[in-house]
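Hello,

Here is the structure I promised to pass on to you. Have a look at it first, and then read on for what turned up in it.

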Amino acid sequence: MNTEFDDIRCYYNNEVHPALTRLSEEKQFMKVLSTIYPLLPKDVIRQRLLSFKSTIEFQKELIYPFLQYIEANLTKGIELQLPENFDTTKSYLYISNHRDIILDSALLCAKLIEKGMDTVEIAIGDNLLVFPWIEELVRVNKSFIVKRGLSPRQILESSKKLSSYIRLTINEKQQSIWIAQREGRAKDSNDRTQESLLKMMNMSGNGSIAENLAELNICPLSISYEYDPCDYLKAREFQQKRDNPAHKKSPQDDLINMQTGVMGFKGRVVYRAAGNISSDILKIGAESNDKSEVYRRTAELIDKHIHADYEIYNVNKIAHDLLTGENRFAKDYDLLEKLDFEKYLEKQIMKIDLNDKDENFLRRKMLEMYANPLINHLKAE
C-alpha cells in the first residue's frame, strides 16, 4: 500500500470506523453533533456514529440530512447546474471561487448526491484544523490536507506531494476533487485564480505545462450566494488590516467564521459548472511557448468561466448602483428591494464590534463584496 500520502490524504474506508470511534470519545465533537441533531439522545447519536463503515455511509446518513436542513431553513433553495452532455462518469478537478469555509464544498457534495454522482475529495488548509478532532472529522469526510505556513524549502516539498496526490486522485483513483482557486476566501468577492495553484498542479506532470494541466480535467465552478452571512466579519477584517497591516486572524476568528457561515441565512445559492476546459488549455499551450503566459492565460480562462457563470441577484445590482452612484440597473429592482438591502447593510454593520468603527469604510467594503461579482460578470460577457 502506498504510504507516501499518509499525512495528507483522506481516510480509506477501513480507517473510517476507528476514526469515528475516536471521535465518539471527543466531548467537543459530540456536543457539536448534539447541537446539529437536538432531538436525538447522545447515546443514539453515538450508536449511529459507530455504525458507519465507509465514508459514503457517513456522508449520506449523517452529513447529508444536516445539509438538507440548511437548504430548507437557511436558504431559498440551492441549485447545481451542469452543462449539457456533461460526462458524469469522469473525474474532474473542480476549481471554484471561495465564499464559505465549510459550505462551498459541503453543499456541492449534497447536490452531487442528489444527482446520483459521487462526492468529491476536498482540499482543506491545515490552518482550519484548530483542534485535533477536526482533522479526524475532515479526513473521514473525504478531505485532504493542504499544509500552510511552511518554510520555502518545505513549501516546495509539500507542493510536489500535493501535486502528485491530486494527479493520482484524478487519473488513477478516478475521484473528483474540489479546490478553491486561491488560498483563503476572496473577502471582497473579486475572485481571481492564483497562478501559484496552477504551478503546483504542473509539478507532477511529465509533459508541457498545458498537457499537464489538461490531464487533470479542470472544470471551473462558479458559486453564487445571494447573501453572505460572513459579510460583516469580512468587512471587520478589512478595517482591522487597514488600521494594523500586521493583523492576522486567530483560530477563534476562523471558528466564528465557520459557525456564522453555516448557520446564517444565504438566500438563493447557485453552483454552475463550466465543463472540462482541457481542449482550451491545450490550445493556449499550442499558441505560446512562454511559461508565464501559459499560466497567466490559463488562470484568466478559469476566471472568465467563473465570472461568466455567476448567478446575478438583485442585491448585486443594487450594491453596484449604490457603490457607483449610478442608476444603471434601477429598472431591474424596485424601491422596496433597495430599502430592504440598505436596511440589511445597516443591520450587518451594527454587528461589528470595533472600538474605532469606521461605518463609511465598512459600508463601502460590504457594497464592494456584493457589487464585484456583477462587475466581473459584465467584463466576462
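Asparagine 85 is exposed in this predicted model, because its relative accessibility is 78% and anything over 50% counts as exposed. You will find asparagine 85 in the loop between β1 (78-81) and β2 (93-96). Its phi is near 60°, which is a positive value in a residue other than glycine.

Asparagine 217 also has a positive phi without being a glycine, in this case of about 50°. Is asparagine 217 buried or exposed? With a relative accessible area of 12%, asparagine 217 is buried. Its place in the chain is the loop between α9 (209-214) and β6 (218-225).

Leu93 is among the residues with the most contacts inside the largest nonpolar core, together with Tyr94, Ile166, Trp178, Met201, Ile218 and Tyr271. That core has 88 residues. Which helix gives the most to this core? The answer is helix α5 (residues 103-114), with eight residues. There is also a second, separate core of 26 residues, and Phe329, Tyr333, Ile352 and Leu362 are included in it. As background, nonpolar side chains in soluble globular proteins tend to be buried together.

Now to the strands. β3 (residues 121-125) and β4 run parallel and are joined by four bridges. Within this pairing, isoleucine 124 stands opposite isoleucine 145 in β4. With helix α6 (residues 132-140) included, β3 and β4 make a right-handed β-α-β unit. Which way do the side chains of strand β4 (residues 143-146) point? Ser143 and Ile145 point one way, Phe144 and Val146 point the other way, and all of them are buried.

Next come the aromatic rings. How many aromatic pairs does a search of the whole structure find? It finds 13. One of them is formed by phenylalanine 5 and tyrosine 165, and this pair is edge-to-face, at 5.4 Å centre to centre with 65° between the planes. The two partners are 160 residues apart, so the pair links distant parts of the chain: phenylalanine 5 belongs to the segment before α1 (13-24), and tyrosine 165 to helix α7 (residues 152-171). Both phenylalanine 5 and tyrosine 165 are buried.

Another pair, tyrosine 227 with phenylalanine 265, is tilted, at 6.2 Å centre to centre and 35° between the planes. Tyrosine 227 sits in the loop between β6 and α10, while phenylalanine 265 sits in the loop between α11 (251-263) and β7 (269-273), 38 residues apart. Tyrosine 227 counts as buried because its relative accessibility is 16%, whereas phenylalanine 265, at 41%, is partly exposed.

Two rings have a charged residue over the face. Arginine 242 lies over phenylalanine 361, at 4.4 Å from the ring centre. Lysine 365 lies over phenylalanine 238, at 4.7 Å from the ring centre.

Why does lysine 234 count as buried? Its relative accessibility is 1%, and buried means under 20%. Beyond residues up to four places away in sequence, lysine 234 touches Arg99, Arg185, Lys187, Asp228 and Met369.

Finally, histidine 307 has its place in helix α13 (residues 291-308). At 6% relative accessibility, histidine 307 is buried. Which residues is histidine 307 in contact with, leaving aside its neighbours within four places in sequence? They are Asp191, Arg192, Asn376, His377 and Ala380. The C-alpha atoms of histidine 307 and arginine 192 are separated by 9.4 Å, although these residues are 115 residues apart along the chain.

Enjoy exploring it!

Best wishes

Terms used. Residues are numbered from 1 along each chain as its sequence is written. This is a predicted model: local features need pLDDT of at least 70, side-chain atom pairs count only at pLDDT 80 or more; totals for chains, interfaces and linings use all residues. Side-chain values use heavy atoms; hydrogens and water are left out. A nonpolar core is a set of buried Ala, Val, Leu, Ile, Met, Phe, Trp, Tyr and Cys residues joined through side-chain atoms within 4.5 Å. Buried means under 20% relative accessible area, exposed over 50%, partly exposed in between (1.4 Å probe, protein chains only). Helices (H or I, at least four residues) and strands (E, at least two) are DSSP runs, numbered from the N terminus. Contact means heavy atoms within 4.5 Å. Rings of Phe, Tyr and Trp (its six-membered ring) pair if their centres lie within 6.5 Å; planes under 30 degrees apart count as stacked, over 60 as edge-to-face and the rest as tilted. A charge sits over a ring if NZ of Lys or CZ of Arg is within 6 Å of the ring centre and within 35 degrees of the ring normal. Two strands pair if DSSP finds at least two bridges between them. A crossover is right-handed if, with the strands pointing away from the viewer, the path from the first strand over the helix to the second runs clockwise.
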